[in-house]
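Here are my notes on the charged side chains, in the order I'd click through them. Have the viewer open while you read.

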Amino acid sequence: MVEQLNLGEAPYPFVKGSDTSEAAADSFGEEDRGQDRWKVLRAVDVVTGSTCDEIEAFTGLKHQTASARVNDLVKAGLLVDSGERRPTRSNRPARVLKLTPRGLSLICFE
């Protein structure tokens with residue numbers, strides 16, 4: 001389904017010994033992660049790439065969520081660090097992420 005991008009991971013990680021962290025992890029399902037992954041993929045500019053900060057601004061996702069989904073997509077081979085750097089909204093350098101050919105094909109043929 002286009003709305004989900006299931007990468008088949010284990011449940012969300014949580015801080016061991018923290019009941020609130022474990023409860024938060026249990027409240028998110030694979031559907032939530034899949035929808036957030038699609039948001040991130042769609043936010044990456046096909047020509048210039050995007051920083052995580054730009055992805056956050058475009059999608060409205062919180063930093064922790066956007067960063068976690070970016071990491072999922074890098075591990076899955078759908079995004080890659082381009083080697084370029086651009087300033088964030090706080091003027092700090094950030095890596096520019098680009099779609100891999102596989103990531104681009106998902107976006108183009110969804």
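**Notes on the salt bridges**

1. Start with lysine 39 and aspartate 36, whose side chains pair up in a salt bridge at 3.8 Å, N to O. The term here means a side-chain nitrogen of Lys or Arg within 4 Å of a carboxyl oxygen of Asp or Glu. Keep in mind that this is a predicted model: local features need pLDDT of at least 70, side-chain atom pairs count only at pLDDT 80 or more, and totals for chains, interfaces and linings use all residues. Residues are numbered from 1 along each chain as its sequence is written, and side-chain values use heavy atoms, with hydrogens and water left out.

2. Where do lysine 39 and aspartate 36 sit relative to each other? Both are in helix H2 (residues 30-43), and because they are three residues apart, about one helical turn separates them. Helices are DSSP runs of H or I with at least four residues, strands are runs of E with at least two, and both are numbered from the N terminus. Lysine 39 is partly exposed at 38% relative accessibility, whereas aspartate 36 is buried at 11%. (Cut-offs: buried is under 20% relative accessible area, exposed is over 50%, partly exposed is in between, with a 1.4 Å probe and protein chains only.)

3. Next, have a look at glutamate 54 and arginine 86, a salt bridge with its closest N and O atoms 2.8 Å apart. Glutamate 54 belongs to helix H3 and arginine 86 to strand E1 (residues 79-87), so this pair ties together parts that are 32 residues apart in sequence. Glutamate 54 comes out partly exposed at 29%, and arginine 86 is also partly exposed, at 22%.

4. Then there's aspartate 72 with arginine 69, a salt bridge at 2.7 Å, N to O. Helix H4 (residues 63-75) holds both of them, three residues apart, or about one turn. Aspartate 72 is buried at 16%, and arginine 69 is buried at 4%. Salt bridges with shared partners link Arg37, Arg69 and Asp72 into one network.

5. Leaving out residues up to four places away in sequence, glutamate 56 touches Leu61, Lys62, His63, Ala66 and Arg89; contact means heavy atoms within 4.5 Å.
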